[in-house]
Amino acid sequence: MSRALIIVDVQNDFCEGGSLAVAGGAAVAADISRYLAAHAQDYAHVVATRDHHVDPGAHFADEPDFVDSWPPHCRAGTEGAEFHPALDTTRVEAVFSKGAFEAAYSGFEGSHDTGRSLDEWLRGHGVTAVDIVGIATDHCVRATALDATAAGFDTRVLLPYTAGVSEATVESALSALRDAGVDLVGQVGPRT
């Protein structure tokens, strides 16, 4: 089994001080870096996804509902769209950008600069299993994990290396992931 680590959306705008911050985002960035330093040999490949919005239409709103519309975030070319500085990206082989002109939650909606989708890239590199970490547990991590398992990858979410928006939406996401057959490893830790 060839396993890849997918790091989901550990970007400045999703961490403290960002336009759509998740509590504990910066800590998750640092925790993922420490995890990778200790476990890099467990992975054949490491990739990352990122929101990279140009003009995503109704996904951005002046009065967002925080369900389908959100404050502007992760605009391409801005500091908010950059990976958080506590995330060590030296082991990341490929970055998959999503949401340029539409809402996009799953990393499987993104593409590499070469135009290859995440699914194509993983299959092209012989990956059959994925571990998923990042932000937010209840949105982009959930969507990426659901798409990974639907695509036939053996899928695990490493919960200590995720941060969620709210307890209620995280619990709902974890229930959906369990129901889909995603392996949930560890516990979501308290973030401050």
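For this tour, Ala, Val, Leu, Ile, Met, Phe, Trp, Tyr, Cys and Pro count as nonpolar, Asp, Glu, Lys and Arg as charged, and the others, Gly among them, as polar. The structure in the viewer is a predicted model.

**Stop 1: the largest pocket**

Begin by selecting Leu20, Trp70, Tyr105, His139 and Val165. Of the 21 residues that line the largest pocket, these lie nearest its centre. The space within this pocket amounts to about 360 Å³. How do the residues of the lining divide into nonpolar, polar and charged? There are 13 nonpolar, five polar and three charged residues. Helix H3 supplies the largest share of the lining, namely three residues. As background, rolling a probe the size of a water molecule over the atoms shows where empty space is left.

**Stop 2: the sheet**

Next, display the strands. Six of them form an open sheet with parallel pairing, and their order across the sheet is E3-E2-E1-E4-E5-E6. Which strands are the edge strands? They are strand E3 (94-98) and strand E6 (183-185), each of which pairs on one side only. From one strand to the next, the twist averages 25°.

**Stop 3: strand E4**

Select strand E4, residues 129-135. Seven of the seven residues of E4 are buried, so the strand is largely enclosed by the rest of the structure.

**Stop 4**

Move to E5, residues 154-163, which runs parallel to E6 and is joined to it by three bridges. Select Val157 and then Leu184 of E6, which is its bridge partner.

Asp51 has Lys98 of E3 as its bridge partner. Is E3 largely enclosed or open? Four of its five residues are buried, so E3 is largely enclosed by the rest of the structure.

**Stop 4: from E4 into helix H3**

Select Ile135 and Ala136. The peptide bond from Ile135 to Ala136 is cis, with omega near -10°. Ala136 is found in the loop between E4 and H3. For comparison, most residues other than glycine have a negative phi, and most peptide bonds are trans.

Continue into H3, residues 137-150, which lies across E1, E3, E4 and E5 and runs at about 170° to E4. The buried residues of H3 are Thr137, Asp138, His139, Cys140, Val141, Ala143, Thr144, Ala145 and Ala148. The buried residues of this helix pack against E1, E3, E4, E5 and helix H4 (167-180). Just after H3, select Gly152, which takes a positive phi of about 100°.

**Stop 5: the loop between E2 and E3**

Phe66 is placed in the loop between E2 and E3. Phi of Phe66 is near 60°, a positive value in a residue other than glycine. Cys74 also has its place in the loop between E2 and E3, and its phi is positive, about 50°, although Cys74 is not a glycine. Which of the categories buried, partly exposed or exposed applies to Phe66? At 46% relative accessibility, Phe66 counts as partly exposed. Cys74, by contrast, is buried, with a relative accessible area of 0%.

**Stop 6: Ala23**

Finally, select Ala23, in the loop between E1 and helix H1 (25-39). Ala23 counts as partly exposed, because its relative accessibility is 46%. How far apart are Ala23 and Val92, in sequence and in space? They are 69 residues apart in sequence and 24 Å apart in space, C-alpha to C-alpha.

Methods. Residues are numbered from 1 along each chain as its sequence is written. This is a predicted model: local features need pLDDT of at least 70, side-chain atom pairs count only at pLDDT 80 or more; totals for chains, interfaces and linings use all residues. Side-chain values use heavy atoms; hydrogens and water are left out. Two strands pair if DSSP finds at least two bridges between them. Helices (H or I, at least four residues) and strands (E, at least two) are DSSP runs, numbered from the N terminus. Axes are lines fitted to C-alpha atoms, for helices over the stretch in contact, and angles run from 0 to 180 degrees between N-to-C directions. Contact means heavy atoms within 4.5 Å. Buried means under 20% relative accessible area, exposed over 50%, partly exposed in between (1.4 Å probe, protein chains only). On a 1 Å grid over the protein atoms alone, a cavity is a set of points where a 1.4 Å probe fits but cannot get out, and a pocket is an open set with protein on both sides within 12 Å along at least five of seven lines; lining residues have an atom within 4 Å of a point. Grid points are joined across faces, edges and corners, and a volume is the space filled by probe spheres set on the points.
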